[in-house]
Amino acid sequence: MLIAVLGVITLIASEDDAGAAETSSPQTGLQGVPEEFRPWIEKAERDCKHPELTGAFLAAQLNQESGFRTDRGAESHAGAQGPAQFIPSTWATWGRDADKNGETSVWDIGDAVDAQGRFMCSLIGTAKSSGYPGDVRALALAGYNAGWGAVQRFRGVPPIWFSRKAGQKEGETYHYVKVIMASIPKFQGPSPVSISGSGAGPDAVRKALARLGTPYSWGGGSPQGPGLGFCDGRNGYDKKTGKCSASRTHGFDCSSLVQYAYWGSLKLPRTAAPQYGATSDRPVSRSDLQVGDLLFWSKSGSGAIYHVALYAGDGNVVHAPRTGKNVEIAPLTSAMPERDYYGATRP
């Protein structure tokens, strides 16, 4: 219910030096979404500059709000209406005739999802700049449900005992956020690559692929999963604002993703250069790559390792590229500058 109105790489080379090519590599798609909602959810994802706003995230929210209902019975006790459950005062701010049918309607799928996407995109931006701890997606959801003022009051997601006098049940926002965050995987489509076989390499790649869409966070991540990163004077900063984004982002960097993927069967070092050092006695030529092999890049092939990725087969890698991007699948030839490719090893 809407109530609101409103891999650590080595220090020899920075992530900005990497110069990763901009690619439109395939990511996970949507599943479990009514077809009439799909194009609008995908458009909302494309239109938002924040990578945390994914199609699966919006779909999980819509499912919690209305179950994708479009009939006039989709109205809450607080007067929220339509698939995205806007109350009139908030709709007056965010609603527009997105589907160009001559009417701005909270009941139109296109208008509703467009408004939901723009509002959530704005809230994610506010959450990022707030400095409050926790996943920015969870903070944005709390702002959508309870109003950003409630998030400011608690400097995070309102606790389980929180309720407002205006008809909200105790803990509604807390459970709203918890349910949506837990259901995101339900709406993520299958991986665009299929990993066959067993063993440490294929298992590591499957584990990494399960993290597609996780934000990059310089210094973030551990064998246990995504974590907050940090900025070191050169790395971890938002290029547009110049502010440290890593310290507010739960995610992985290139080497922590690799370490996380292999942990359990192999305890690799934390950073990219030591990972190369630990496996360099088992070099692999480019023509003999197998799923799970480690790929390394250095500045102009100098040996100053700055990036590591996992080979995912069929000429693709899975990796955490740099600040502002997400864990993704990319072609080996363009994941990082081709001139910087240094070599591969087999863990």
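1. Let's start with a helix pair. H9 and H10 pack with their axes 8 Å apart, at an angle of about 125°. (Axes here are lines fitted to C-alpha atoms, over the stretch in contact for helices, and angles run from 0 to 180 degrees between N-to-C directions.) The two are therefore oblique to each other; angles under 35 degrees count as roughly parallel, over 145 as roughly antiparallel, 65 to 115 as roughly perpendicular and the rest as oblique. H9 passes H10 in a right-handed crossing, meaning that the near helix is turned clockwise from the far one by less than a right angle, with anticlockwise giving left-handed. On the H9 side the contact uses Ala 200, Gly 201, Ala 204, Lys 207 and Ala 208, and on the H10 side Leu 257, Tyr 260, Ala 261 and Tyr 262. By class, that is 7 nonpolar, 1 polar and 1 charged residues. The classes: Ala, Val, Leu, Ile, Met, Phe, Trp, Tyr, Cys and Pro are nonpolar, Asp, Glu, Lys and Arg charged, and the others, Gly among them, polar.

2. A word on provenance. This is a predicted model, where local features need pLDDT of at least 70 and side-chain atom pairs count only at pLDDT 80 or more, while totals for chains, interfaces and linings use all residues. Residues are numbered from 1 along each chain as its sequence is written, and side-chain values use heavy atoms, with hydrogens and water left out. As for labels, helices (H or I, at least four residues) and strands (E, at least two) are DSSP runs, numbered from the N terminus.

3. Now the sheet. It is open, has 6 strands in the order E3-E8-E4-E5-E6-E7, and pairs antiparallel; pairing takes at least two DSSP bridges between two strands. E3 runs antiparallel to E8 (residues 341-345), with 2 bridges joining them. Pro 283 has Thr 345 as its bridge partner in E8.

4. E4 and E5 run antiparallel and share 5 bridges, with His 307 of E5 as the partner of Trp 297. Their hairpin has 6 residues between the strands, and Ser 300 in the turn has a positive phi of about 55°. On to E6: E5 pairs with E6 in the antiparallel sense over 3 bridges, and Gly 313 is bridged to Asn 316 in E6. That hairpin has 2 residues between its strands, with Asp 314 in the turn at a positive phi of about 55°.

5. What lies across the sheet? H9 (residues 200-209) lies across E5 (305-313), E6 (316-319) and E7, at about 105° to E5. H10 (residues 254-262) lies across E4 (294-298), E5 and E6, running at about 45° to E5.

6. Over to H5 (residues 109-130) and H6 (residues 136-146), which pack at about 120° with axes 8 Å apart. That makes H5 oblique to H6, and the crossing is right-handed. Among the H5 residues in contact (heavy atoms within 4.5 Å) are Phe 119, Met 120 and Leu 123, meeting H6 residues including Leu 139 and Tyr 144. The contact divides into 10 nonpolar, 3 polar and 1 charged.

7. Is H6 enclosed or open? H6 is largely enclosed by the rest of the structure, because 10 of its 11 residues are buried. Those buried residues pack against H3, H5, H7 (148-154) and H8 (172-183). Gly 147 follows H6 with a positive phi, near 95°.

8. H5 also meets H3: the axes come within 11 Å and cross at roughly 115°. That makes H3 roughly perpendicular to H5. Phe 57, Leu 58, Gln 61 and Leu 62 of H3 meet Val 113, Gln 116, Gly 117, Met 120 and Ile 124 of H5, a contact of 6 nonpolar, 3 polar and no charged residues.

9. Finally, His 50, in the loop between H2 (38-47) and H3 (55-66). At 11% relative accessibility, His 50 counts as buried. Leaving out residues up to four places away in sequence, His 50 touches Cys 121, Ile 124, Gly 125 and Lys 128. The C-alpha atoms of His 50 and Gly 324 are separated by 7.9 Å, though the two are 274 residues apart along the chain.

Key
Buried means under 20% relative accessible area, exposed over 50%, partly exposed in between (1.4 Å probe, protein chains only).
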